[in-house]
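Subject: The structure we talked about

Dear colleague,

Here is the structure that I promised to hand over, and I would be glad if you opened it before reading on. My notes on what was found in it follow below.

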Amino acid sequence: MQERLQKILSQAGIASRRESESIILDGRVAVNGTVVTELGTKADPDTDTITVDGKPVAIEEKRVYILLYKPVGYMTTMKDPEGRPIVSDLLKEVKERVYPIGRLDYNTEGLLLLTNDGALANTLMHPSHEVDKGYLVRVSGQVSAVQIKKLSDGVKLEDGMTAPAKVAPFSESENNTWISITIHEGRYRQVRRMCEAVGLSVVRLKRARYDFLEIGEMKPGEFRFLSAEEVAKLKRKTVPVGPGRGPRKTGVVARRGAPTRR
Ligand code: URA
């Protein structure tokens, strides 16, 4: 996005807005190799090379952390060759370019974190960090105690056994049963494949919890920015405690039981 040069320089921490104006007037600033001395000049920090005294200005984008309620019918990608809706369509007012942390299938709804903080995204997605993800699953018909036990103990999928999961029946009607499944792995269509493996047919799948972040009263398509405390909590979770010992666990809040039903 095009911005006034003095704004770009001050955002990059070169100098205050007023001092940046003097730096420009002194002929010390160049855009794509051409010295600029006019104060109204605009440039795009994403595409133009801006230098002060010949040194490139490093633009640090503000870090943002977004919690989105992804509705059914959206792809968790930044582009879809088939032209289907994508999650960034729901974030038009967010000017930073954010990327999803993990994925939800086209037909899965619920919590999706997005950020431009690549380091945190990579850490949270790394299997060693074992972030709990709580799903509510509506399946056809009734669910037996044997099926619950199999899901909890781990089931054999094409890509190997699943790790033990927290599984509990949630509510039951004549035709359907809701169960809650909390896993810390993030394999492709894992919950659907686990259910299929024990003979359950999934009719609705919703991620209601990502670690300590809960869906609460959020509606499909809504999003909010994480608070500084929430970001700090996520970051604390990902601080390694020592070589080969994995991350520090945050304790009770991150380990709570079934997510709330909406
Ligand atoms: N498990 C699935 O099967 N689908 C998702 O989108 C997430 C978890």
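In helix α6, which runs over residues 228–237, the buried residues are E230, V231, L234 and K237. The face of α6 that is turned away from the buried side carries A228 and E229, which are exposed. Please keep in mind throughout that this is a predicted model.

What do the buried residues of α6 pack against? They pack against the strands β7 (65–70), β9 (109–115), β16 (213–214) and β17 (223–225), and also against the helix α3 (118–125).

Turning to α3 itself, its buried residues are L120, A121 and L124. Seen down the axis of α3, they fall within an arc of 100 degrees, so they too line one face of their helix. A119 and N122, on the other side of α3, are exposed. The buried residues of α3 pack against α6, as well as against β7, β9 and β15.

**Helix α2**

Helix α2 covers residues 17–25, and S20, I23 and I24 are buried in it. These residues cover an arc of only 100 degrees around the axis, which puts them on the same side of α2. The exposed residues R18 and L25 are carried by the face of α2 turned away from its buried side. The cover over the buried residues of α2 includes the helix α1 (5–11) together with β2 and β5. After α2 comes G27, which has a positive phi near 75 degrees.

**Domains**

The chain is divided into three parts: domain 1 takes in residues 3–56, domain 2 is made up of 62–129 + 217–240 + 253–257, and domain 3 takes in 132–210. Between the C-alpha centres of domain 1 and domain 3 there is a distance of 55 Å.

**The ligand and D105**

Which residues surround the ligand? They are L104, D105, T108, Y135, R189, Q190, V191, R192 and L205. For D105, a polar backbone atom is 2.7 Å from an oxygen atom of the ligand. For R192, a polar backbone atom is 3.0 Å from a ligand oxygen atom, and for R189 the corresponding distance from a polar backbone atom to a ligand oxygen atom is 3.2 Å. Taken on its own, the ligand has 240 Å² of accessible area, and the protein covers 96% of this.

The side chains of D105 and R192 are joined by a polar contact of 3.0 Å. Leaving aside residues up to four places away in sequence, D105 touches K70, Y74, R189 and R192.

N32, although it is not a glycine, has a positive phi of about 50 degrees, and its place is in the loop between β2 (29–31) and β3 (34–35). D211 is not a glycine either, yet it has a positive phi of about 55 degrees, and it lies in the loop between β15 (202–210) and β16.

Are these two residues buried or exposed, or something in between? N32 counts as partly exposed because its relative accessibility is 46%, whereas D211, with a relative accessibility of 1%, counts as buried.

Finally, P45 is found in the loop between β4 (42–43) and β5 (50–52). Its relative accessibility is 23%, and it therefore counts as partly exposed. P45 and E3 are 42 residues apart in sequence, but from C-alpha to C-alpha they are 7.9 Å apart in space. Not counting residues up to four places away in sequence, P45 touches M1, I8, I50 and I59.

Note on methods. Residues are numbered from 1 along each chain as its sequence is written. This is a predicted model: local features need pLDDT of at least 70, side-chain atom pairs count only at pLDDT 80 or more; totals for chains, interfaces and linings use all residues. Side-chain values use heavy atoms; hydrogens and water are left out. Buried means under 20% relative accessible area, exposed over 50%, partly exposed in between (1.4 Å probe, protein chains only). Helices (H or I, at least four residues) and strands (E, at least two) are DSSP runs, numbered from the N terminus. Contact means heavy atoms within 4.5 Å. Domain bounds come from an automatic or database domain assignment. A residue is near a molecule or strand if one of its heavy atoms lies within 4 Å of it. A polar contact is a pair of N or O atoms within 3.5 Å; within protein, one must be able to donate a hydrogen and the other to accept it, and residues adjacent in sequence count only if both atoms are side-chain atoms. Accessible areas come from the Shrake-Rupley method with a 1.4 Å probe; for residues, only the protein chains shown count as cover. The arc is that of the directions from the helix axis to the C-beta atoms.
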